[in-house]
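Please open the structure in your viewer and keep the selection tool at hand.

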Amino acid sequence: MVQDLTFHSRLVGWFKIILPLCALALLSTLFLFARSPAEAPAIPFAELDKLAQEQQITAPRFSGVADDGSIIAITAAAAKPEAADRLTIDAPQLSLDAADGTRLTIQAGFGMVDGPAQRAEMGGLARLETSSGYRMETEGLTANLATGEITSHGPLEIQAPYGEVMAGQVTILSSPDGTGQRMDFTKGVKLVYDPATRRE
């Protein structure tokens with residue numbers, strides 16, 4: 001019995017020495033093979049100031065009703081304030097649903113929305129298409145958000161349901177009878193009539 005107690009005491013004594021040494025070895029191994037955390041990329045203070053000052057709206061949407069009852073909506077990839085009540089917009093798209101049921105859509109590279117003037121400018125190769133079969137491209141367009149009137153900035157070629165039209169400018173405005181919108185081609189108009197493309 002005495003021998004058992006002596007053996008047990010010695011075993012416990014050895015464990016008191018061995019176990020702390022094993023723990024110390026494990027900790028040393030962890031510190032040896034541990035990887036240092038990846039360093040965060042440094043951002044210059046100038047860029048931090050710029051990010052703090054720059055305000056941007058992602059995927060904005062503006063909509064309203066024009067005097068002739070047309071519903072106008074403008075969406076964009078992003079918008080930034082340029083001045084009071086004035087925004088610059090990236091990749092804008094404008095849709096206009098006229099009172100006569102026709103729909104007009106415009107896509108452009110960049111633009112600007114002026115709240116007090118109720119005006120939208122669209123540039124960088126603006127593409128315009130109507131549900132009645134007109135397709136055109138021009139350098140830019142101005143849309144009057146109050147009246148629904150749209151004017152091109154420069155010459156353009158129009159694919160029409162009856163052929164091709166070349167003009168120095170097009171203005172899309174409300175019809176006098178209030179039933180919808182009409183297109184006025186001005187500044188040197190050339191029509192190429194193609195009966196094969198004519199729609200009933």
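The stops below concern the nonpolar core, the salt bridges and an aromatic pair. The model is a predicted one.

**The nonpolar core**

Begin by selecting Leu-94, Leu-96, Leu-104, Ile-106, Leu-128, Met-136 and Ile-150. Within the largest nonpolar core, which has 29 residues, these are the members that touch the most other members. Next, colour the strands that each give two or more residues to this core: S3 (71-75), S5 (86-90), S6 (93-97), S7 (103-107), S9 (119-130), S10 (135-144), S12 (156-160) and S14 (169-174). Strand S9 supplies the largest share, four residues. In soluble globular proteins, nonpolar side chains tend to be buried together.

Now centre the view on Leu-128. Leaving aside residues up to four places away in sequence, which residues does Leu-128 touch? Its contacts are Leu-104, Thr-105, Ile-106, Tyr-134, Arg-135, Met-136, Leu-141 and Ile-172.

**The salt bridges**

The structure contains five salt bridges, and three of them are visited here.

- Select Glu-137 and Arg-127, whose side chains form a salt bridge with an N to O distance of 2.9 Å. Glu-137 belongs to strand S10 and Arg-127 to strand S9, so this pair ties together parts that are ten residues apart in sequence. Glu-137 is partly exposed at 39% relative accessibility, and Arg-127 is likewise partly exposed, at 42%.
- Select Arg-103 and Asp-97, a salt bridge in which the closest N and O atoms are 2.8 Å apart. Arg-103 has a relative accessible area of 38% and is partly exposed; Asp-97 is partly exposed with 27%.
- Select Glu-82 and Arg-86, where the closest N and O atoms of the salt bridge are 3.4 Å apart. Glu-82 is partly exposed, its relative accessible area being 48%, and Arg-86 is partly exposed at 30%.

**The aromatic pair**

A search of the whole structure finds one aromatic pair. In this pair, the ring centres of Tyr-134 and Tyr-162 lie 6.1 Å apart and the ring planes stand at 75°, so the arrangement is edge-to-face. Tyr-134 sits in the loop between S9 and S10, whereas Tyr-162 sits in the loop between S12 and strand S13 (163-167); the pair thus links distant parts of the chain, 28 residues apart.

Is Tyr-134 buried or exposed? Tyr-134 counts as buried, because its relative accessibility is 15% and the cut-off for buried is under 20%. Tyr-162, with a relative accessible area of 23%, is partly exposed.

Note on methods
Residues numbered from 1 in each chain as written. Predicted model: local features only at pLDDT ≥ 70, side-chain atom pairs only at ≥ 80, totals over all residues. Heavy atoms only, no water. Core = buried A, V, L, I, M, F, W, Y, C linked by side-chain atoms within 4.5 Å. Buried < 20%, exposed > 50% of the residue type's maximum accessible area, 1.4 Å probe, protein only. Contact = heavy atoms within 4.5 Å. Salt bridge = Lys/Arg side-chain N within 4 Å of Asp/Glu carboxyl O. Phe/Tyr/Trp six-rings, centres within 6.5 Å; stacked < 30°, edge-to-face > 60°.
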